Amino acid sequence: MSDCHSDSYMDEDYEEFVYSEDESVVSISSDSSNHGQVRTRAAAAAAALATNGGAAALQSQSSVPAQSQTQYSADLGYDDEDDDFFGDDDNDFARAIGTGPIKKAWAVDFKVYDPDGLRATQNGTVDRMMPLLAISRDTTTLLLRCYLWREESLVEDFIADPERTLAKSGLSAHPIAPRIESGNEAFTCEICFTSGVDEQYLGLTCGHCFCTDCYATYATGKIREGESWRIRCPAPKCKALLGEESARLLLAEHKDVLGRYEDNLTRSFVNDLDSFTWCPAPNCQYAVECLVPRSAMMTVIPTVNCKCGKAFCFGCKVDDHMPAPCYLVDKWLRKCKDDSETAHWLKANTKECTKCKSTIEKNGGCNHMTCRECQYHFCWVCMGPWNEHGQQFYNCNRFNEDSSKNSRDSVSNSRALLERYLHYYTRYNNHEQSVKLARKLLATTEKNMEQMQREMTLSWIEVQFLSDAVDVLSVCRTTLKWSYVLAYYMMSDNQKIIFENNQSDLEMATEQLNELVENPIGQMSIEDIKRKIIDKSTYVKSRWETLLSDTSLGLQENRWQFED
Amino acid sequence: MNTKPPRNFLLLDELERSEKGASDGSCTYGLENPEDDVFMINWVGSILGPPNTHFQNRIYAVKLKCGMDYPKVPPTVVFETKINLVNVVKADGTVDPKMLDVLNKWDSTSSHTLLSVLMGLRNLMAKDPHRKAIQPEEGTTYVVKKTDSVQAGR
Amino acid sequence: MSMVSKRILKEVDRLRQDPVPGIVAEPIEDNIRYFSVRMNGPNDSPYADGCFTLELYLPDEYPMLPPKVRFLTKMYHPNIDKLGRICLDILKDKWSPALQIRTVLLSIQALLSAPNPDDPLANDVAEQWKTDERKAIETAVKWTALYAERVVRNDVAKRE
């Protein structure tokens, strides 16, 4: 795995293992019966990305079980042709959904695991390491956990000095299988001070024995606190670890605690590995594996799609924020929080008609507004007349640096900076609101679809195009929203103009599609509407792909300068 | 045989909770003189007036005293900031324990704490007839009697 | 409950039968879980001439959870705060149920000989300890004389 980690364990005393279990992660329900078959994964994932200019270096270390996992690549899942990505090619990280053999430039490889899949992955790694280390299964598992599953550094250390490697983790090479004993007259439990032949007791490789009651109470307490493999012998300063076999032996009577223990083990596995993360959706129990290293996240945006439907960034856990990279997203969100007071008025969902001054509330995602009072057509974003926004001219995505320069001469610099920020914020916020409205729109759309089905005796499949179009709208608006964050930090030059052209193309196409979807039933026949919407959706999708391909390549090539 | 947590450790727990910020911020408390009060006798608290009342947005400073027989005997409570809480707060700022449920039904075995005393006072402020009672000018205080700091033997 | 009580009774018994030199721990009043402790400062420390009072309480979960202990005598020590609260690993995350009142008290006594200003509870004291250790030790000696009971030792003559 990554170099910066491989040596660190060497110097660490056991005490320094960090207790990283996070109470906030969702708990995983499980049973322990699932032992997946394991095959070694080739470095296909790395190869796949390497063909795209190789900027996103992937690590090729992992193994995958043959079941309980779903492979995806981030394409937001709305492409439809030949995408058998749920299929059986489970040795590799999947290619982009529906893109056939060609991988999209922005897509990263990832896998989604359910709790069984996670357990199978752990078991698989243990199975593979056991013959290599030639020690018991329990000890192999503990060693792997101590090494945070960094197989290479474990093997390296173990080959160099097996005794030291084991001792460091409080383990011994040939432990006797844990056994509950009794019948020892000399035995006294150092916790409850009970002694005698009748006492049942247990000891780890360290030889510290405690009665099974005390031991179980102790282990239960630790498990309730969220611990699992880091539970140690109760003797003061003893480093011996309570292995899984011993834990199962002690807690055989306490099924609920044992279940919690298994959950904690899985949770710790995901938390201990940089290449795994929990899906941030509430109550989602899936975890995602993605091999994009932290160091690449300045230029790669590792967007992943959980099986639950959530699209999020593997790097920062924020919802899908393509095409802006994590560090700009973080900067922007903090800025918005700081500036929220100033920008607050913008959030208000009402504006005045520039012509007749009546109050207008935006109730759909489309920016083409028509004043109910005076029938004035205008653009919600720039408040200019809509006819200037026609097919050939769409310009309200661009901040006019020249006019802002003029204003810099007349008003204070800070005022101009605020105006610049507000320009981008308005557009960012507008798309954000429109995504929310798109959800409402979906409800209306579904009603329209039902109506169509009834009135025109169309089948459900035939009217599906409407909700597909709304999906496309949401995805594109999300991308547009974050494209304004990218643009805000992007220095002005010719490369930015090219980016803004792409942005403008996508924005215009999105607005047109939005308008079509919002007012579908007019004089046109249903066939015409359907054809128009499908055509427009296809076009919007192609604009979306162009923007994402271009920005992801541009980021990797350092095509743009960003202010810091 | 008695195995209840003794006074000092109860109060240490209370202090720890306040240090960790256990409350929602509407009531806060701490030791009046943490440098030199090993028996944790004198406490100060503050109550943020509840919304939609005449107490709204005002901060009321309160002194609480936990004697050596705490928690058997409830703390005494005195307002520093002038307040109009008829029948509850006397003319000199002291709280009549009979008029505050937490103190009147004080039970040393239950989970009554300094925070629950402050919250109890705040709840009273939010209720009729106190809710709309005209309040003294903001920022005025009772004439401070010199606190006879209890010096328990070392 | 019975198991724990048994342990506590045994501990009390052992403390009485085989007391730790320089440390006396006795149950307070009728509460079996509450102890009054008197501890002599370790010989080679600024606290050598003092006898310090502590209180100790065994919570319900003892020995799965550590005892609660604090000094009642005012202490000048980087790991002891103004209320006598003690920062010591075995009283927190390094607690082991196989530790006892005896071992806890010995560890506290050892902490008096070996202050750890890098993990402070009393920041001002720790700062003084780091910038001017000689002066810090002087203050600790002064506080001991001021607030602690004086210990009459057999070996005083020998030291002088």
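Guide: Before we start: a helix here is a DSSP run of H or I with at least four residues, and a strand is a run of E with at least two. By that count, chain C of this predicted model has five helices and five strands.

Visitor: In what order do the elements of chain C come?

Guide: Starting at the N terminus, they go α-β-β-β-β-α-α-α-β-α. Chain B has three helices and four strands, and along the sequence they read α-β-β-β-β-α-α.

Visitor: What makes you say that strand S8 of chain A is covered on both faces?

Guide: A residue is called buried when 20 or more other C-beta atoms lie within 10 Å of its own. In S8, residues 287-290, A:Ala287 and A:Glu289 on one side pass that test, and so do A:Val288 and A:Cys290 on the other. Both faces are therefore covered.

Visitor: Why is S8(A) said to pair with S4 of chain A?

Guide: Pairing takes at least two DSSP bridges. S4 (residues 109-113) has four to S8(A), so the two count as paired, and they run antiparallel. Within that pair, A:Val112 stands opposite A:Val288.

Visitor: And how do you know that S7 of chain A pairs with S8(A) too?

Guide: The cut-off of two bridges applies again.

Visitor: What makes A:Val288 part of a nonpolar core?

Guide: Membership asks for a buried residue of a listed type, Val among them, joined to others through C-beta atoms within 7 Å. A:Val288 is buried, and it belongs to the largest core, of 106 residues. A:Val288 is also one of the members that touch the most others, along with A:Phe210, A:Tyr215, A:Ala219, A:Ala287 and A:Val485. Helix H15 of chain A, residues 460-489, is the top contributor to this core with 14 residues. Another core, of 35 residues, lies apart from it and includes C:Phe35, C:Leu88, C:Val125 and C:Ala140.

Visitor: Which residues does A:Phe210 contact, beyond its neighbours within four places in sequence?

Guide: A:Cys189, A:Glu190, A:Ile191, A:Tyr201, A:Leu202, A:Tyr215 and A:Pro234.

Visitor: Why be careful with residues 72-100 of chain A?

Guide: Low pLDDT means the predicted coordinates should not be read in detail. Chain A averages 75, with 67% of the residues at 70 or above, but over residues 72-100 the pLDDT is below 50. That stretch still has 72 contacts in the model beyond near neighbours in sequence. Residues 343-350 of chain A also stay under 50, with 13 contacts beyond four places in sequence.

Visitor: How does the model look where UniProt puts a "coiled-coil region" in chain A?

Guide: The unreviewed UniProt entry places that feature at residues 428-455. In the model, this stretch is 100% helix and 0% strand, with 39 Å between the end C-alpha atoms.

Visitor: What makes up the contact between chain C and chain A?

Guide: Chain C brings 10 residues and chain A brings 11. On the chain C side, six are nonpolar, one is polar and three are charged.

Visitor: How much of chain B is buried?

Guide: 28% of its 154 residues. In chain C, 38% of the 160 residues are buried.

Conventions:
Residues are numbered from 1 along each chain as its sequence is written. Chains are lettered from A and ligands numbered from 1 in the order in which they are written. This is a predicted model: local features need pLDDT of at least 70, side-chain atom pairs count only at pLDDT 80 or more; totals for chains, interfaces and linings use all residues. A residue is buried if 20 or more other C-beta atoms lie within 10 Å of its own, exposed if 12 or fewer, and partly exposed in between; C-beta atoms are placed from the backbone. Two residues are in contact if their C-beta atoms, placed from the backbone, lie within 7 Å. pLDDT is the predictor's confidence in each residue, from 0 to 100. Ala, Val, Leu, Ile, Met, Phe, Trp, Tyr, Cys and Pro count as nonpolar, Asp, Glu, Lys and Arg as charged, and the others, Gly among them, as polar. UniProt positions are given in the numbering used here, feature names are shortened, and annotations may be inferred rather than shown by experiment.
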